[in-house]
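The sequence and structure are shown next.

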Amino acid sequence: MSQTVELMNEEIAQRLITAAKSVGLDISGGTVRRSSSRFCLGVEHGDYNGMELFGVGTNRFIWMAYKPNTTGRVRIFSENFPGDGLVDFALGEEAPAGTHKDSWARFPMGAAYILRKNGYPINQGFDAVVYGNIPGGGMSRSASLCLNLLLTLLEVNDVSIDDGMQIVDLAQMVENQYIGSPCGKLDQLMIYFAREGMGAHYNPKTNTIEHIPFGGDAEDFRIVSLDTGTKRPGLEKSTYRIRRDECRELTKILEREFGHESIARIRSKSEFAAAVEHLQEDFEHLQGRLKYLFEANQRFGEMLNAWREGDIAQVGAIFRADGIGLRDDYEISGRELETMCNLARTVEGVYGERMLGGGDKGASGAIVRTDAFSQLKEVVNATYPVCHPDYADSFAIHACKSVDGIRSAPAPF
């Protein structure tokens with residue numbers, strides 16, 4: 001019971017119970033799986049450009065309470081999207097990709113479809129209810145949900161996958177091949193491999209994760225979610241897709257002209273200068289994209305060292321520099337996101353701030369000295385609604401900590 005209590009409080013448990021009763025599902029005696037959000041420390045948008053990645057899991061979650069059934073069907077209800085009703089489908093009869101473009105039903109159907117497509121024997125159905133409190137953009141709500149659904153389907157069907165990278169790849173496939181989102185796998189990596197008190201360092205050359213403990217006192221700082229209250233409809237409908245296409249174009253140019261198979265291969269200032277000069281004539285729009293990625297990649301090693309040494313002020317300074325590059329050179333931020341950043345910058349004890357995730361809408365993030373959080377919250381609560389009255393009732397600020405990405409336990413009901 002104590003493990004279950006750690007996964008959720010009484011309020012969350014009651015939400016799940018009430019949701020199940022509302023659609024006639026019996027999940028008593030089942031299991032609860034909790035999947036985290038993520039906070040990327042670097043390099044944001046580096047995953048689809050061959051770069052190393054580093055981040056932590058954070059305690060904004062998706063909870064799914066589930067129990068196997070004997071129908072061969074998945075029956076699942078989201079407390080966040082009650083208007084979609086009970087999603088009910090037979091395994092092996094998932095709707096084709098693109099059928100449910102405006103419904104969250106595409107996620108459970110997509111998870112089942114991808115597992116079956118890749119040869120996994122998925123025949124055992126389950127009943128489930130879902131609730132999440134991850135902001136709608138910037139902290140990887142969709143990746144968290146996909147991982148949760150895949151792991152649940154595998155568990156109830158007694159299918160074991162020992163290779164975590166394989167799970168990550170399957171979660172990316174759900175989004176790429178079924179949902180239609182052009183995401184990389186930063187989000188899935190940062191969530192699946194998240195460990196409490198540690199950062200996860202992904203090396204694409206070896207396709208491995210190294211867990212790096214923070215070298216100082218984690219109680220000295222807070223990771224803060226600055227939820228703008230805006231909702232991004234999905235990466236497939238955002239500036240993210242445009243930037244990804246631009247980077248694909250940029251990579252082709254760099255490979256053709258300089259032999260670089262990815263943007264990450266530009267490591268020296270002389271290589272960068274040569275590439276910028278080549279782009280100047282016909283591809284000026286790509287110069288800024290290259291500038292952000294090159295400079296963020298240059299800062300990456302310094303940020304890892306600062307984390308290892310417990311220098312959170314330096315981690316924050318690099319986080320801030322990346323944010324300025326995302327705003328000015330990569331041009332993927334948004335008006336409300338930058339309002340949050342501008343407000344955070346006025347508070348003493350805020351080490352760094354920037355937009356999070358795919359851009360346009362969603363959440364910004366900040367790294368804040370613990371005793372400065374209350375002042376930051378006061379400034380945001382007083383000023384953000386004045387700047388953006390349309391979101392006065394939906395914005396939020398949350399102090400987060402690093403957590404395990406995936407946890408499960410018997411349901412307490």
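Two residues are in contact when heavy atoms of each lie within 4.5 Å. The model described here is predicted. By that contact criterion, and leaving aside residues up to four places away in sequence, Leu189 touches Leu53, Met165, Val168, Ala194, Tyr202 and Ile209.

Leu189 belongs to the largest nonpolar core, which has 103 residues. Leu189 is listed there with Leu41, Ile76, Leu153 and Trp307 as the residues with the most contacts inside the core. In soluble globular proteins, nonpolar side chains tend to be buried together.

## Salt bridges between separate elements

The structure contains 27 salt bridges. Side chains of opposite charge can pair when their charged atoms come close. One of the bridges joins Asp26 to Lys67, with 3.3 Å between the closest N and O atoms. This pair links distant parts of the chain, 41 residues apart: Asp26 is in the loop between helix H2 (10–22) and strand E1 (31–42), and Lys67 is in strand E2 (residues 53–68). Asp26 has a relative accessibility of 44% and therefore counts as partly exposed, a class that runs between 20% and 50%.

Arg73 and Asp88 form another salt bridge, at 2.7 Å from N to O. Because Arg73 lies in strand E3 (residues 73–78) and Asp88 in strand E4 (residues 87–90), the pair ties together parts 15 residues apart in sequence. Both side chains belong to partly exposed residues: Arg73 has a relative accessible area of 30%, and Asp88 is at 35% relative accessibility.

Arg248 and Asp245 meet in a salt bridge of 2.8 Å, N to O. Both residues lie in helix H7 (residues 239–258), three residues apart, which is about one turn of the helix. Arg248 is partly exposed at 42% relative accessible area, and Asp245 is partly exposed at 39%.

## Packing of helices H4 and H5

Two packed helices are described by the angle between their axes and the distance between the axes. For helix H4 (residues 141–156) and helix H5 (residues 164–179), the axes come within 9 Å and cross at roughly 115°. The crossing of H4 and H5 is right-handed.

On the H4 side, the contact is made by Ser142, Ala143, Cys146, Leu147, Leu150, Leu151 and Leu154. These meet Ile167, Leu170, Ala171, Val174 and Glu175 of H5. The residues of this contact comprise ten nonpolar, one polar and one charged.

Key:
Residues numbered from 1 in each chain as written. Predicted model: local features only at pLDDT ≥ 70, side-chain atom pairs only at ≥ 80, totals over all residues. Heavy atoms only, no water. Core = buried A, V, L, I, M, F, W, Y, C linked by side-chain atoms within 4.5 Å. Buried < 20%, exposed > 50% of the residue type's maximum accessible area, 1.4 Å probe, protein only. Salt bridge = Lys/Arg side-chain N within 4 Å of Asp/Glu carboxyl O. Helix = DSSP H or I, 4+ residues; strand = E, 2+ residues; numbered from the N terminus. Axes fitted to C-alpha atoms, helices over the stretch in contact; angles between N-to-C directions. Left-handed = near helix turned anticlockwise from the far one by under 90°. Nonpolar A, V, L, I, M, F, W, Y, C, P; charged D, E, K, R; others polar.
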